[in-house]
Amino acid sequence: MTGIIGVILGALVGFNYRKRIAEAKIGVAEERAERIVEDAKKDAEAKKKEILLEAKEESIKVKNEMEKEVRDRRNEQQRTERRLIQKEETLDRKADAYEKKEEQLNKRLEELEKQKEEINALHEEQIKELERISGLTREEAKNYILATVENDVKHEATLMIKEIESKAKLEADRRSREIVANAIQKCAVDHVAETTVSVVQLPNDEMKGRIIGREGRNIRALETLTGIDLIIDDTPEAVILSGFDPIRREIARIALEKLIVDGRVHPSRIEEMVEKAKKEVEVIIRDEGEAATFDTGVNGLHPELVKLLGKLKYRTSYGQNVLKHSMEVAHLTGLMAAELGVDVNIAKRAGLLHDIGKSVDHEMEGSHVSIGVDLCRKYKESPLVINAVEAHHGDVDPESIIAILVQAADAISAARPGARRETLESYIKRLQKLEEIADNFKGVEKSFAIQAGRELRIIIVPEDVNDEGMTLLARDIAKKIEDELEYPGQIKVNLIRETRAVEYAK
């Protein structure tokens, strides 16, 4: 028991000791907290005083700035008021000066009005005196003078217009004849009538048999590969190549000449020689196109157009070589353009390309004019060149003087003596066909093909066709001629409609 009591007492003593220690610590903590709060209050007071001081300083600064700004604005306002006062004084002085001037002007106007009234009175007196002397009123005199002057002016103007027109016509006719004559004289070329056959000379008649071959196999192979007919007849030491495609005929001629020189004539050798001849003709075509552009001085053409120009070497039109014709037209157009001060390069270019469609017209649908226009557009030629190509046969209206020059040069080149060949039989058939086409239309009384077939003159029955219907009828006849006939240049369709009243006096 004693031990237990001792333990309990010890525990109580220890608890009291720890309690006193805890209370001491709590007291210390409370003192520290009070000191911290006091310090915080002191700091807060200091910060408050500092902030108030700064705010006061800032407000003083702002106040000073505002006062300064107010002073500046007040000074500016005072300066503005002084300027306005000065301007107002200036305006007042000017207003006074204007008022004085207005008074002077009013006085001057009054004087002028008085003078005007006096002048009008004198004028009326003079007019009355003139009317009394002449016996005419003012209106009658005015009309008489105007009529006299008008008649004189009309007469003089008519005489002047006639004189100017006469001089212009004479000068234009003389100048145009001079330009065309000079162009023709400066550009003279040779003309060779082209044919649709070629003759190949043989070293001997024995070669004919070798060309024909066993059972005709060699000649059949050559005709099949070239598309050209070989005519082997009694003509000594010669073989005739016949065909309407000049390029194929030229390929056949070159191939046959190579076979004759080589001496070995059999189908495989023929095929080899034909291939070589095709390549050789392609080179010739390219060289001829480049030579044509060089001779005419036309540069910058598309390579395909140059190639098509070379093909014209093997194309004929009424016996006239189309490449030589195109070169001549280019030279003529350039010469006339130089005389008129037009762009010579564009003129030559249009002349050289005007018949470019003939190089492929046997391969494509359409006329050589429409094909040529499509080719020029495809290879980015200028609108002037395209219009010249399209208008050189009168299919459309020319839009420039270059197109008109190409028309003239084309006609000059085709009209040279010996330039083109047309048999009498085909010429007569064409004239008959022209008249037959016109006679088949309703309202046509009679038709006449005149001027070598370049004009179709048609007499119309006036009861069947009126004036408005003549235009449509002329267009229909021209369209049918274009569809059914082939002809050089253009054909003028001239319709005549007249009404006659006949009576006999008995």
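α6 and α8 are roughly parallel to each other, because an angle under 35 degrees counts as such and their axes cross at roughly 20 degrees. Keep in mind throughout that this is a predicted model.

**Stop 1: α6 against α8**

Select residues 267-296 for α6 and 322-340 for α8; the two axes come within 10 Å. The crossing is right-handed. To see the contact itself, show Glu288, Ala292, Asp295 and Thr296 on the α6 side, and Leu323, Met327, Ala330 and His331 on the α8 side. Colour that set by class and you get four nonpolar, two polar and two charged residues.

**Stop 2: α5 against α6**

By class, the contact of α5 with α6 has twelve nonpolar and six charged residues, and no polar ones.

**Stop 3: α6 against α7**

Now bring in α7, residues 303-311. The axes of α6 and α7 come within 7 Å and cross at roughly 100 degrees, so this pair is roughly perpendicular. Pick Ile285, Arg286, Glu288, Gly289, Glu290 and Thr293 from α6, then Val306, Lys307, Leu309, Gly310 and Lys311 from α7. The class count for this contact is three nonpolar, three polar and five charged. Glu288 is worth a label, as Glu288 is listed in the contact with α7 and also in the contact with α8.

Stay on α7 for a moment. Which of its residues are buried? Leu305, Val306, Leu308, Leu309, Gly310 and Lys311 are.

**Stop 4: the largest nonpolar core**

Which members of the largest nonpolar core touch the most other members? Of its 39 residues, they are Leu301, Leu353 and Ile356. Six helices, α7, α8, α9, α10, α11 and α12, each supply at least two residues of this core. The largest share, eight residues, comes from α8.

Centre the view on Ile356 next. Beyond its neighbours within four places in sequence, Ile356 is in contact with Leu305, Leu308, Leu309 and Leu312, and also with Gly372, Leu375 and Cys376. A second, separate core has 27 residues, among them Leu241, Ala252, Val274 and Ala277.

**Stop 5: a buried lysine**

Move to Lys358, in the loop between α9 and α10. Buried or exposed? Lys358 counts as buried because its relative accessibility is 7%, and the cut-off for buried is under 20%. Not counting residues up to four places away in sequence, Lys358 touches Leu312, Arg315, Ser317, Val322 and His368.

**Stop 6: α10 and what follows**

His368 leads you into α10, where the buried residues are His368, Val369, Ile371, Gly372, Val373, Leu375 and Cys376. These pack against α7, α9 and α11.

After α10 comes Lys380, in the loop between α10 and α11. Check its backbone: Lys380 has a positive phi of about 60 degrees although it is not a glycine. For context, most residues other than glycine have a negative phi. Lys380 is exposed, with a relative accessible area of 75%.

**Stop 7: another positive phi**

Jump back to Glu215, in the loop between α3 (206-212) and α4 (217-226). Glu215 is not a glycine either, and its phi is positive at about 55 degrees. At 71% relative accessibility, Glu215 counts as exposed.

**Last stop: Glu468**

Finish in helix α14, residues 467-484, where you will find Glu468. Glu468 is exposed at 60% relative accessibility. Draw a C-alpha to C-alpha distance from Glu468 to Ile496: the two are 13 Å apart in space and 28 residues apart in sequence.

Conventions. Residues are numbered from 1 along each chain as its sequence is written. This is a predicted model: local features need pLDDT of at least 70, side-chain atom pairs count only at pLDDT 80 or more; totals for chains, interfaces and linings use all residues. Side-chain values use heavy atoms; hydrogens and water are left out. Axes are lines fitted to C-alpha atoms, for helices over the stretch in contact, and angles run from 0 to 180 degrees between N-to-C directions. Helices (H or I, at least four residues) and strands (E, at least two) are DSSP runs, numbered from the N terminus. Angles under 35 degrees count as roughly parallel, over 145 as roughly antiparallel, 65 to 115 as roughly perpendicular and the rest as oblique. A crossing is left-handed if the near helix is turned anticlockwise from the far one by less than a right angle, and right-handed if clockwise. Contact means heavy atoms within 4.5 Å. Ala, Val, Leu, Ile, Met, Phe, Trp, Tyr, Cys and Pro count as nonpolar, Asp, Glu, Lys and Arg as charged, and the others, Gly among them, as polar. A nonpolar core is a set of buried Ala, Val, Leu, Ile, Met, Phe, Trp, Tyr and Cys residues joined through side-chain atoms within 4.5 Å. Buried means under 20% relative accessible area, exposed over 50%, partly exposed in between (1.4 Å probe, protein chains only).
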